[in-house]
Amino acid sequence: MNRLSTKLGRIELANPVTVASGTFGLESGDWYDLSRLGALVSKTITLEPRAGNQPPRLFETSGGLLNSIGLQNPGLEAFLRDELPLYAAVGPPLMVSFSAGTVDEFCRMVETMEKHEGIAGYEVNVSCPNVEREGMAFGTDAQVVYDLTRRLAALTQRELCVKLTPNVTDIVTIARAAQEGGATSLALINTLLGMAIDPETGHSRIARGVAGYSGPAIKPVAVACVWRVAQAVNIPILAMGGIAGWEDAVELIRAGACAVAVGTAAFVSPDLPVRVLDGLDAFLARKELTLAELVGTATF
Ligand SMILES: Cc1cc2nc3c(=O)[nH]c(=O)nc-3n(C[C@H](O)[C@H](O)[C@H](O)COP(=O)(O)O)c2cc1C
């Protein structure tokens with residue numbers, strides 16, 4: 001066994017470094033060998049194609065990035081036809097991130113994806129509005145998360161990873177609900193709510209106002225969420241939020257994650273995922289530790 005190998009629920013990963021949904025595309029292969037990643041994660045796919053929100057929908061702040069992309073994607077059918085074969089050809093296990101407006105629609109999407117080879121697991125994006133509950137995000141209600149996860153778990157033997165939003169009163173309650181519903185791993189954190197306003201004109205920097213906040217500024221929030229959730233559940237955690245170097249990955253792993261995803265910071269340094277991987281490998285060698293031995297070793 002190599003010192004970097006890890007397990008995310010039902011999937012064996014050669015190493016713990018992957019990419020955060022929506023911040024990665026196969027064009028990253030222009031900068032590094034994508035087959036070196038422990039896993040691939042698609043952008044979030046919805047049943048129907050989505051054009052996304054009107055610009056401006058990105059704004060860089062001093063410590064992070066505001067985005068309001070609005071789940072722009074080609075829709076499930078086109079993804080399965082045009083993109084899945086390309087992702088599958090890269091080699092590492094593929095997690096398809098997906099989202100829907102109703103529980104039934106989430107289920108229909110899994111039923112369709114189950115008919116296709118080349119998908120190792122699903123990352124369930126519950127940060128989107130639930131049209132049956134006045135548009136409140138699925139991931140903010142423990143009962144809804146439990147019911148959704150239970151329905152999806154009955155449809156698949158593939159990895160079922162629920163991606164949690166930090167925009168809740170208590171992320172631990174939601175994490176427990178996902179585990180009880182049958183999630184085999186958790187991904188955290190999705191973006192925080194943020195907003196920026198041009199001081200001169202008073203206009204929101206983002207056309208829709210409130211947006212998702214990510215990047216280095218949110219890392220301490222991610223570390224705290226991972227630490228608290230890791231104390232409360234016994235399924236593996238895929239951590240993301242502000243990783244800008246291998247040291248950040250080590251922090252999240254010490255907090256309790258068994259895998260990590262690089263997101264926003266790769267917009268600045270496109271080859272960051274493999275630099276995080278190499279840095280983590282050198283760190284483990286220096287400490288004479290395996291990845292498994294590092295998980296959850298934070299003390300205070
Ligand atoms: C431009 C952009 C698009 C994103 N799109 C998605 C998405 O489609 N699905 C999803 O689950 N998360 C999405 N995210 C959230 C990231 O996957 C990640 O959870 C979050 O940005 C925190 O990690 P980071 O600080 O390393 O970026 C997006 C983030 C950004 C910046």
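1. Cys-225 touches Pro-166, Ile-171, Leu-188 and Ile-189, leaving out residues up to four places away in sequence. Cys-225 sits in helix 5, residues 219–232. Cys-225 is buried: 27 other C-beta atoms lie within 10 Å, and the cut-off for burial is 20 or more. All of this is read from a predicted model.

2. Cys-107 is the next cysteine to look at. Cys-107 belongs to helix 2. Cys-107 has 16 C-beta neighbours inside 10 Å and therefore counts as partly exposed. Buried would take 20 or more, exposed 12 or fewer. Apart from neighbours within four places in sequence, Cys-107 is in contact with Arg-151, Leu-152 and Leu-155. From Cys-107 to Gly-209 the C-alpha separation is 31 Å, at 102 residues along the chain.

3. Helix 3 covers residues 142–153, twelve in number. From first C-alpha to last, helix 3 reaches 16 Å, close to the 16 Å expected at 1.5 Å a residue.

4. Which residues of helix 3 are buried? They are Val-144, Val-145, Leu-148, Thr-149 and Leu-152. These residues cover an arc of only 125° around the axis, so they lie on the same side of helix 3. What do the buried residues of helix 3 pack against? Their partners are helix 2 (103–113), strand 8 (121–125), strand 9 (159–163) and helix 4 (171–181).

5. Now the whole protein. There are eight helices and 14 strands. The radius of gyration is 18 Å, close to the 19 Å that the globule rule gives for 300 residues, so the protein is as compact as a globular protein of that length. Along the principal axes, the C-alpha atoms fill a box of roughly 50 × 50 × 40 Å.

6. Burial and contact range complete the overview. Of the 300 residues, 47% count as buried. Take the contacts between residues at least 6 apart in sequence: 70% of them join residues at least 24 apart.

7. Last, the ligand. How many residues surround the ligand? The shell has 25, and the closest are Ala-20, Gly-22, Ser-214, Gly-263 and Thr-264. By class, the shell divides into eight nonpolar, 15 polar and two charged residues.

Technical notes. Residues are numbered from 1 along each chain as its sequence is written. This is a predicted model: local features need pLDDT of at least 70, side-chain atom pairs count only at pLDDT 80 or more; totals for chains, interfaces and linings use all residues. A residue is near a molecule or strand if its C-beta atom, placed from the backbone, lies within 6 Å of it. Ala, Val, Leu, Ile, Met, Phe, Trp, Tyr, Cys and Pro count as nonpolar, Asp, Glu, Lys and Arg as charged, and the others, Gly among them, as polar. Helices (H or I, at least four residues) and strands (E, at least two) are DSSP runs, numbered from the N terminus. The radius of gyration is taken over C-alpha atoms; the globule rule is 2.2 Å times the number of residues to the power 0.38. Two residues are in contact if their C-beta atoms, placed from the backbone, lie within 7 Å. The expected span of a helix is 1.5 Å times one less than its number of residues. The arc is that of the directions from the helix axis to the C-beta atoms.
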